[in-house]
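Me: I have a model open and want to go through a few spots in it. Can we start with one of the loops?

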Amino acid sequence: MTEIALNTIRVEIQSLKLLEESIDKIFEEIVHLIHHSKGKIVLTGVGKSGIIAMKIAATLSSTGTPSFYLHAADATHGDLGMVEKKDVIIGISKSGNSQELKDLIPFLKRNGNTIIGMTSDVESFLAKQSDYLLYTPIVKEACPHNLAPTTSTTVQMVMGDALAISLMKLTGFQPQNFAQIHPSGSLGKKLHLKVGDFSDYSNIPSVSYEASLKEVILEISEKRLGATVVEKNGKLCGLITDGDIRRVLEKYENISGLTASDVMTHKPVKVDEDMLAYDALKLMQANKINHILVMGKDNSYRGLIHILDFIKEGLNG
């Protein structure tokens with residue numbers, strides 16, 4: 001089985017090397033055409049090529065080039081209404097002779113769309129009817145019968161990635177742009193979610209400098225954040241965590257005379273509310289702490305965050 005796997009990889013690498021050699025000025029022209037297009041990019045195809053078209057459309061959209069996938073068969077049954085004249089069409093087919101594309105392309109040409117064909121056969125219907133050709137050469141399919149789409153879909157996928165990354169460079173797509181269109185994913189959150197987004201200003205645990213240990217425990221229990229800040233004359237002066245309480249109980253036989261000032265950490269780690277949450281998490285991990293204080297622009301105490309709050313948002317990766 002190992003040899004079969006290795007042979008599959010070797011066969012696909014051979015075709016990827018041919019693909020590398022096929023990248024030329026036509027590819028550059030296509031990238032600039034897409035970059036300057038006033039419409040969307042419509043990816044179409046059927047079967048396994050259709051699945052690759054769907055993936056390429058998703059990659060282009062997520063990297064700053066508005067795109068969508070249109071099933072070639074559905075297009076001729078009403079979905080052509082989604083296509084505008086200014087849209088650029090990328091049709092994908094290994095053979096270039098899929099009947100669905102043969103049926104679709106004449107309508108697209110009459111509509112005035114620019115058509116880019118992606119195929120492994122330069123003599124095919126798709127290649128000859130397209131305005132531009134993205135040639136995806138293959139030696140053979142990795143399938144032992146040279147039938148199942150394997151090498152061909154790999155080459156198509158890589159060509160799509162080459163397009164997307166080239167367009168990213170042209171558009172100047174930056175991490176900030178990525179965050180704007182990936183707000184719910186963990187990568188997007190790392191780039192846009194701020195510490196202040198976690199702060200619950202209505203649930204801020206706080207005790208006075210002179211508070212008894214019992215009062216401290218009650219405040220920590222009530223606010224359910226595992227810690228409380230300590231304030232003196234209205235100013236923040238320390239932090240007490242539930243871990244601090246446990247250590248005090250282990251150290252002292254009689255705790256009745258202890259106050260918050262005897263237990264607190266005098267210099268807790270503080271961050272600005274505009275700090276990226278992911279950076280705050282890394283700071284906490286580096287300092288091996290579970291709580292961090294959130295401060296406002298006027299250096300006022302705005303909230304207390306537990307490390308689990310970050311992890312629940314998927315920021316631990």
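Reply: N146 is found in the loop between strand 5 (132–135) and helix 7 (151–171). Helices (H or I, at least four residues) and strands (E, at least two) are DSSP runs, numbered from the N terminus. This is a predicted model, in which local features need pLDDT of at least 70 and side-chain atom pairs count only at pLDDT 80 or more, while totals for chains, interfaces and linings use all residues. Residues are numbered from 1 along each chain as its sequence is written, and side-chain values use heavy atoms, with hydrogens and water left out.

Me: What is the phi of N146?

Reply: The phi of N146 is near 55°, a positive value in a residue other than glycine.

Me: Is N146 buried, exposed or partly exposed?

Reply: N146 is partly exposed, at a relative accessible area of 39%. Buried means under 20% relative accessible area, exposed over 50%, and partly exposed in between (1.4 Å probe, protein chains only).

Me: And R224, where is that found?

Reply: R224 is in the loop between helix 10 and strand 7. Its phi is positive too, near 60°, and R224 counts as exposed at 72% relative accessibility.

Me: Now helix 10. Which of its residues are buried?

Reply: In helix 10, the buried residues are L213, V216, E219, I220 and K223. Seen down the axis of helix 10, these fall within an arc of 120°, so they line one face of the helix. The arc is that of the directions from the helix axis to the C-beta atoms.

Me: Why would residues spaced like that point the same way?

Reply: An α-helix has 3.6 residues a turn, so residues three or four places apart point the same way.

Me: What sits on the face turned away from the buried side of helix 10?

Reply: That face of helix 10 carries the exposed residues K214, L218 and E222.

Me: And what covers the buried residues of helix 10?

Reply: The cover includes strand 6 (206–208), strand 7 (227–232), strand 8 (235–241), helix 11 and helix 12 (260–263). Contact here means heavy atoms within 4.5 Å.

Me: How do helix 10 and helix 11 cross?

Reply: The axes of helix 10 (residues 213–223) and helix 11 (residues 242–251) come within 11 Å and cross at roughly 145°. Axes are lines fitted to C-alpha atoms, for helices over the stretch in contact, and angles run from 0 to 180 degrees between N-to-C directions.

Me: Which residues meet there?

Reply: From helix 10, L213, V216, I217 and I220 meet D242, I245 and V248 of helix 11. The residues of this contact divide into six nonpolar, no polar and one charged. Ala, Val, Leu, Ile, Met, Phe, Trp, Tyr, Cys and Pro count as nonpolar, Asp, Glu, Lys and Arg as charged, and the others, Gly among them, as polar.

Me: Switching to the sheet: in what order do its three strands run?

Reply: The three strands form an open sheet in the order 6-7-8, with mixed pairing. Two strands pair if DSSP finds at least two bridges between them. Strand 6 and strand 8 stand at the edges, each with a single partner strand, so one side of each is left without a neighbour in the sheet.

Me: How many bridges join strand 7 and strand 8?

Reply: Strand 7 and strand 8 pair in the antiparallel sense over six bridges. K232 has K235 in strand 8 as its bridge partner.
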